[in-house]
Amino acid sequence: MKIRFEGLTKRFPNRNKKIKAEVVAVDHFTFEIPDGKLVGLLGPSGCGKSTALNLICGLETPTEGRIFFDEDDVTDIPAESRGVGMVFQSYALYPHLNVRKNIMFPLQNLKGEQKLTKEQMESKAMEAARIVQIEELMDRKPNEMSGGQQQRVAIARALVKMPRVLLLDEPLSNLDARLRIQTREEIKRIQNETKITTVFVTHDQEEAMSISDLIVVMKDGAIHQIGKPQEVYDQPANLFVAKFLGTPPINVFTGRIEGGKLLIGDEEILGKDYVKDTPDQEVYIGIRPEGFVLREGKDGALDGKAGVFSGKLLAIEVMGRDTSVVFSHGSSEIEGTRHRAIVSSDNRIDPDSEKVFFDLNPKKVFVFSKESQERLL
Amino acid sequence: MSANVEKQEPNRSPVIPSGKPSSGAPTYRKSSALTKLKSLKAWLYLLPALVFLGIFMVYPLIDVLVYSFEEGYNSASQTSFGTGWFNYAYVLHDPYFLQAVKNTFIIVIITVPLSTLLALLISLGLNSIKKLKEVFQTIFFLPYVTNTLAVGLVFMIMFKKTPYTDGLINMILSIFKAGPIDFIDGPYWAKMFVMCFYTIWVVLPFKVLILTSALASVDEVYYKAARIDGTSRFRQFTHITLPMISPMIFYLVITGFIGAFKAYSDEVAIFGTNLNSAGMNTIVGYVYDMLYGDSGGYPSYAAAAALILFAIVFTITVINLLLSKKTSIR
């Protein structure tokens with residue numbers, strides 16, 4: 001099922017009563033979540049992504065705008081009747097009920113024609129438990145299970161009534177690192193198996209990138225970019241999106257465009273082919289860690305030609321698969337930033353060198369207007 | 001003290017200084033001596049409390065037990081005629097005692113469930129309002145800090161019928177073409193009604209306080225989850241709220257039973273000290289009468305009655321605890 005937002009807005013009164021201005025948690029959302037996809041709402045904490053989720057499930061009512069499930073306007077339908085399944089950050093499993101009863105809970109609410117017999121409920125609960133692979137835990141109480149197991153029970157409970165939409169609020173934040181990777185794959189698998197349109201909220205870009213079909217990057221209630229994870233990573237719409245995605249984060253420098261040249265300090269890093277007809281101006285230049293190509297040899301001049309970009313070498317971190325070159329630069333957006341270039345571990349660098357020289361991969365270099373922070377190149 | 005600590009220091013990590021980690025046996029012996037010393041110290045610290053408890057709690061309890069089996073014990077001369085079940089037989093055949101038992105049981109059976117239920121309803125109401133919540137909470141808690149006897153007097157005046165006035169309650173009743181009824185000196189059921197009304201009124205604030213905080217402690221997220229799953233308000237209450245606050249409800253029921261069985265001052269507040277003639281005596285009231293009342297001076301009978309009360313309360317509490325364990329959520 002598709003979910004469509006039209007000018008969806010949610011404003012809250014300010015917590016601090018002295019401030020009259022309202023807080024805009026969700027600001028004029030207009031976009032469509034396609035049927036059967038796994039969509040990640042990504043943003044820093046406090047950006048309104050959980051509010052957006054609560055608007056979809058009906059726990060919050062929008063200040064303005066409409067929400068459509070396919071062609072049905074559900075804006076005024078209460079949470080009870082929307083037929084969505086939701087997994088809460090804390091799982092919200094009923095502590096006094098065992099797993100079986102927790103999963104059966106939504107089914108026992110059905111009334112009238114939808115009412116199920118005990119056998120039907122049991123078999124549906126078993127089916128949901130099978131999908132999340134917890135059949136052997138059916139008689140446990142929530143506090144007798146690990147976080148990962150509780151998470152699965154919560155998903156099973158959300159799935160058991162075959163919801164039209166599955167919502168997950170920070171589904172992995174309460175799990176430890178290893179379980180997190182395992183569980184996110186699990187979520188992807190469950191979504192693939194059930195084909196239920198799924199929206200999940202996260203502040204962890206890696207989490208969103210790894211499993212989403214589509215990610216929605218949010219900040220301060222506004223959508224900054226929507227797209228496939230790789231697209232958003234490769235073509236960030238603005239400086240915020242570029243900074244938010246990617247580990248290690250993108251390296252940002254101040255620079256300028258001058259006469260068809262892109263300059264950081266006095267170094268011309270890219271020429272006419274890249275800059276084209278962009279007017280002269282002050283800019284931010286973002287370079288992904290993997291966009292640096294190390295120049296080996298003394299002063300990076302193996303073939304008598306130095307690289308286009310240089311920095312003061314601070315450290316070399318060997319990771320095995322690749323190597324992080326940590327350096328500083330006089331034109332960092334934030335002074336004293338330790339920049340990080342990721343190069344192949346085949347590269348040989350003399351750790352005693354003062355400076356380190358790079359060529360740049362133009363595809364990994366993004367130029368943003370200093371004024372609007374929107375992407376120029 | 002300080003010397004003691006110094007002496008102990010090397011003992012605390014017995015393995016390290018020896019340099020022979022394989023010598024397990026001496027290490028064990030040392031630590032067992034240490035445990036012994038530690039437990040000795042613990043007992044030493046407990047001693048003052050144990051002495052006080054022994055003198056003022058355990059000894060009197062045993063003494064009461066002894067009195068209850070001593071026939072015609074006289075506390076002045078410290079003499080008795082003999083030992084046996086006589087006191088129990090007397091008390092159990094005393095019509096005043098049987099009346100007191102009946103009164104107590106009626107009060108317990110009516111007031112404990114009713115006050116808990118009312119408190120639950122009030123707490124639910126308090127929990128669902130947003131404006132003036134604190135104000136209402138304070139109002140509902142006020143009776144708790146007022147004096148029982150003073151309030152009892154007010155109740156008596158409200159319910160009493162005198163040659164000059166029928167009282168406030170009878171005035172209200174007359175609107176509905178009922179009454180007048182003398183609630184204080186009239187028929188037994190009227191007196192019992194006032195008694196139960198008053199008892200509930202007195203015990204309500206504490207229960208409201210406990211239940212409001214119990215309700216507030218139920219995590220909001222459970223209700224959110226339930227709403228999304230289409231759970232009706234009633235089912236949310238019976239399947240989420242009640243099980244989650246059930247430990248508190250059991251606590252209130254158990255303490256409520258114990259408190260109601262020991263009721264006495266509430267009765268005095270309304271019907272005065274001569275409860276036997278009002279027919280409104282309770283078991284504790286009977287014990288008091290046997291000790292200090294007009295017919296008093298019989299500590300043996302009082303002791304026997306007190307122990308019968310103890311047996312009743314003990315039995316009820318055990319049943320309560322067993323029930324609560326059976327339905328407990330954790």
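Before anything else I needed to know what a domain is here: domain bounds come from an automatic or database domain assignment. With that, chain A is divided into domain 1 (3-244) and domain 2 (251-369). I also noted that this is a predicted model, where local features need pLDDT of at least 70 and side-chain atom pairs count only at pLDDT 80 or more, while totals for chains, interfaces and linings use all residues. Residues are numbered from 1 along each chain as its sequence is written, and chains are lettered from A and ligands numbered from 1 in the order in which they are written.

**Chain A, its two domains.** I looked up how far apart the C-alpha centres of domain 1 and domain 2 of chain A lie, and got 40 Å. The contact takes 5 residues from domain 1 of chain A and 5 residues from domain 2 of chain A; two residues are in contact if their C-beta atoms, placed from the backbone, lie within 7 Å. On the domain 1 side of chain A I found 3 nonpolar, 1 polar and 1 charged residues. For those classes, Ala, Val, Leu, Ile, Met, Phe, Trp, Tyr, Cys and Pro count as nonpolar, Asp, Glu, Lys and Arg as charged, and the others, Gly among them, as polar.

**Chain A, one helix.** Helices (H or I, at least four residues) and strands (E, at least two) are DSSP runs, numbered from the N terminus. I picked H2(A), residues 99-108, and found 7 of its 10 residues buried. Buried means that 20 or more other C-beta atoms lie within 10 Å of a residue's own, with C-beta atoms placed from the backbone (exposed is 12 or fewer, partly exposed in between). Among the buried ones are Ile103(A), Met104(A) and Phe105(A). What do the buried residues of H2(A) pack against? I found helix H3 (118-131) and helix H4 (147-159) of chain A.

**Chain B on its own.** I got 15 helices and 2 strands for chain B. Of its 330 residues, 28% count as buried. The domain assignment gives chain B domain 1 (2-68) and domain 2 (86-327). I saw 4 residues of domain 1 of chain B in contact with 7 residues of domain 2 of chain B. That domain 1 side has 3 nonpolar, 1 polar and no charged residues.

**Where the chains meet.** I found 14 residues of chain B in contact with 16 residues of chain A. Helix H10 (220-228) and helix H11 (233-261) of chain B each supply at least two residues of the chain B side. H10(B) gives the most, with 6 residues. By class, I noted 8 nonpolar, 2 polar and 4 charged residues on that side of chain B.
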